[in-house]
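Please view the sequence and the model together.

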Amino acid sequence: MAGLNKVTVDDIDVKGKKVLVRVDFNVPMKDGVITNDNRIQAALPTIKKLVSEGGKVILCSHLGKPKNGPEAKFSLKAAAERLAELVAPTKVTFVPSDKVVDDSVKAAVDAMQDGEIIVLENTRFRGAEETKNGEEFSKELASLADVFVMDAFGSAHRAHASTAGVTKFVKTTAVGYLMQKEIQFLGNAVEDPVRPFVAILGGAKVADKLNVISNLLEKCDTLIIGGGMAYTFFKALGHEIGTSICEDDKVELAKEMMDKAKAKGINFLIPVDNVVATEYSADSEWKIVDSDDIPEGWMGLDIGPKSRELFANAVKNAGTVVWNGPMGVSEWENFANGTIAVAKAVADSNAISIIGGGDSAAAVEKLGFADKMTHISTGGGASLEFLEGLELPGIACLNEK
Ligand code: AMP
């Protein structure tokens, strides 16, 4: 498996042991109801394996970004209930504690039978102790367990107490199946791609993705840039961009990236036309213009029809496609067509297709193309850091084979 030399859940004996598993149950919620349980489903293979082997499975995760300490709307209770439905008749107990770990939690863990599951409360209820990788909280989590399993790919790019700190105080650590799957697909795509390798990047912020672009330029055959970030590249080419979003302090770097692509003989594609609007709103007036013809006072909110065709053709014969970020403001119908066209092109191609979480994953799922993709990552930020070529802290800290 590409780049993975870690102890896995297949290498450890968990019978009768307390196994703390960091899962990613950071699921979208509306009014206390889970609107998409993909992340819980994705954690099931590891959980079921540990349960079937007689482990005492203790799950921890964060949910959302509680800023004012513990709050009911950020509780993991709903996630625990959904899990209970999915693993029935396995016993799942949610142990609510604003401290996440306290004496009542320890007592509940001590009373566990083999093959049972406990779900702890949201690790971010401990605030900075979690997000700043606090030693005390890391020790408390570790005190519950004989073994630590990391299966939260979506959080593996953060060195938090529950993803990294805890590993300092538990001797036996391992990666779970979801982590293995993510690392295998993303790692192979970048390190050993079936060629031609086409990378597609979109979304609003160039700053977030410059290092990804730089790394991918070392690996891919075609790099496609769409979405709001394209306008910084337009500016670097000297085009007028009206009121389109632009990161002026990144224009020089955008130019460097295009020069690098040219020097390396990489097919570097940016939109040739755009859907421009008079204001940033779902029902704004809009029209289609070429990229060197954006009128003053108009902003680009999607790629135009010629660009959709250009990008779709580049994807058609690809061996591998990695896609992260929408081609426009895909939340709004009038500006979603570029993202839909790319999703369709990737779904129709025979390429190994890797969708890097976030908005592009949401678009693929909404369009019903999920089954046509090779892999949809559960981690937007984590998959981007992976594509950047970085070692994720939540992986680095785990035991090697
Ligand atoms: P990111 O978080 O950088 O991946 O960006 C995702 C966001 O980019 C989505 O919410 C889109 O609405 C937004 N976006 C995509 N294209 C544009 C654009 N042309 N102008 C403004 N926002 C955009």
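How many disulfides does the count come to by the distance rule?

## Basis

The model is predicted, and local features need pLDDT of at least 70, side-chain atom pairs count only at pLDDT 80 or more, and totals for chains, interfaces and linings use all residues. Residues are numbered from 1 along each chain as its sequence is written, and side-chain values use heavy atoms, with hydrogens and water left out.

## Cysteines

The count is 0 disulfides, a disulfide being a pair of cysteine sulfur atoms within 2.5 Å. For Cys60, the nearest cysteine sulfur belongs to Cys397 and is 12 Å away.

Cys60 is buried at 1% relative accessible area, whereas Cys246 is partly exposed at 23%. Buried means under 20% relative accessible area, exposed over 50%, and partly exposed in between, with a 1.4 Å probe and protein chains only.

## Ligand site

Around the ligand are 15 residues, of which Ala204, Lys209, Gly228, Gly300 and Glu331 come nearest; a residue is included if one of its heavy atoms lies within 4 Å. By class, this shell has 6 nonpolar, 5 polar and 4 charged residues, with Gly counted as polar.

An N or O atom in the Glu331 side chain is 2.5 Å from a ligand oxygen atom. The protein covers 83% of the 500 Å² of accessible area that the ligand has on its own (Shrake-Rupley method, 1.4 Å probe).

## Nonpolar cores

A nonpolar core joins buried nonpolar residues through side-chain atoms within 4.5 Å. The largest has 73 residues, and those with the most contacts inside it include Leu20, Leu120 and Phe233. Phe233 touches, among others, Val206, Met257 and Ile270 (heavy atoms within 4.5 Å), not counting residues up to four places away in sequence.

A second, separate core of 32 residues includes Val21, Phe25, Ala78 and Phe94.

How values were computed. A polar contact is a pair of N or O atoms within 3.5 Å; within protein, one must be able to donate a hydrogen and the other to accept it, and residues adjacent in sequence count only if both atoms are side-chain atoms.
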